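Trainee: Could you take me closely through one part of this model, the pairing of charged side chains, and then show how it sits beside the other contacts?

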Amino acid sequence: MFEVVIGLEVHTQLNTNTKIFCSCSTSFGDDANTHVCPTCLALPGALPVLNKEAVKKAISFGTAVNATINKKSIFNRKNYFYPDLPKAYQISQFEVPIVENGELFIEVNGEKKRIGITRAHLEEDAGKNIHEGARSLVDLNRAGTPLLEIVSEPDLRSSDEAVAYLKKLHSILRFLNISDANMQEGSFRCDANVSIRPKGDTKLYTRVEIKNLNSFKFIQKAIEYEVERQTIAWEDGKYDDEVYQETRLFDTTNLVTRSMRGKEDSAEYRYFPDPDLLPVEVDEAMYNEAIKIPELADEKVIRYQKEFGIKEDDALNLVATIEMARYFEELVGAKISPKLCVTWVLVELLGRLKNGVTIENSPVNVAKMTELLKRIEDGTISAKAAKEVLDYLMDNDESVDSVIQKLGLKQVSDDGAIEAIIDQILNANADKVAEYKAGKDKMFGFFVGQVMKEGKGAFNPAKVNEILKSKLS
């Protein structure tokens, strides 16, 4: 039997307006090589100037994961040649990163576990190579975008734990609002270091790095394949021949890892302090500002239960994304019953969001949902009618009140109209009235049903119950 040992390195792009060492824009999706300057092109004489906001965002992250913040840190040159790296070195942090010795907690199969975070350091991103047939192109728009590289301890023991860790990390970054962490656009990328060892052994064996994984599904599949590959090699007596320190890529079509290149040790990068950058010294004012972080998902879960009386599972679903939490909190802030909000966000609205539509681009925004729920609470429409209104709003951009009017769903609360129908029902069912008065309480539901049927669902149920009880007593 074998034990799996996994350590993860996550590169997340910080959402600053400009690059880490120059004033070029970090916007995504623009024409190639339009956000470049002498600094990110590495032209002679161009000097880097550190982006203060990137430093503050790194400190915020360190605060969120209970880490040590190094108020004095150093930038190094990491030397290697690649076409998308114009300087032939990357400015990164090595000996003294800005964040060290953090932690976060995951839960898998009902068990909570602490995962150590070795370090989080600032560095610049490289450009992007684009391969078209026999030629390759380089887009340097991304070169110099600020990255925070977050390195975990080798504390993860399964692909499930790895995914749980990454989802927790993703949530922290989004709730801190320091990165959009968009995996499709490459602003949240993961390298997985995977090895195995006999159960009970404490030695760390040869690790293989799987590079640039950018979806939770593929991260899980890549780890599972690599564990199986290494296990088979060990059992067949071929471990030393087939498992060696290397970088592998994940083939997302065939769901296998493939060798890319030998894995360098840190000595091969020839790190040394960057002579163009002074040590980073964080003063008290900047530090105190950066450590004021917003409420994170775990804290919201606890508060929702205490403040709103919501079940833990519902609270967890409400903080699945920062957008969902904001949507819910705006509804509750409009003085609507929290439990009503939970039902209409998690069940009714989410049940209607399909084909990639998410709550942040839902056709029913917070303002419309607020109006709809207020019409339920003030008795204008029934909950059943509100579902019809919501269905209509998913496809039509109209106000809630105009839809209620158009569909004829407004409830009747007029005592006279309801009393007339009730009298009619009771007179036509004298035998059942006698049964009710003889103690057969279940007949009350029959009368309610008949009245609502005659009213074609337009009668206010609370008003119907009130008048019926009065008449039958």
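Mentor: The side chains of Glu3 and Arg157 come together in a salt bridge, with 3.6 Å from N to O; the term stands for a side-chain nitrogen of Lys or Arg within 4 Å of a carboxyl oxygen of Asp or Glu. Glu3 belongs to strand β1 (residues 2-13), whereas Arg157 sits in the loop between β10 (146-152) and α2 (159-176), so the pair ties together parts that are 154 residues apart in sequence. Helices (H or I, at least four residues) and strands (E, at least two) are DSSP runs, numbered from the N terminus. Glu3 has 22% relative accessibility and counts as partly exposed, and Arg157, at 25%, counts as partly exposed as well; on this scale buried means under 20% relative accessible area, exposed over 50%, and partly exposed in between, with a 1.4 Å probe and protein chains only.

The model is a predicted one, in which local features need pLDDT of at least 70 and side-chain atom pairs count only at pLDDT 80 or more, while totals for chains, interfaces and linings use all residues. Residues are numbered from 1 along each chain as its sequence is written, and side-chain values use heavy atoms, with hydrogens and water left out.

The structure holds 34 salt bridges, among them that of Glu132 with Arg135, whose closest N and O atoms are 3.2 Å apart; Glu132 is partly exposed at 39% relative accessibility. Another joins Arg375 to Asp378, with the closest N and O atoms 3.2 Å apart, and Asp378 is partly exposed, its relative accessible area being 45%. Salt bridges also link Glu295, Lys300, Arg303, Glu307 and Glu329 in a network.

Turning to helix packing, helix α8 (residues 322-333) and helix α10 (residues 366-377) pack at an angle of about 40°, their axes lying 10 Å apart; axes are lines fitted to C-alpha atoms, for helices over the stretch in contact, and angles run from 0 to 180 degrees between N-to-C directions. The two helices are therefore oblique to each other, given that angles under 35 degrees count as roughly parallel, over 145 as roughly antiparallel, 65 to 115 as roughly perpendicular and the rest as oblique. Tyr327, Glu330 and Leu331 of α8 make the contact with Val366, Met369, Thr370 and Leu373 of α10, where contact means heavy atoms within 4.5 Å.
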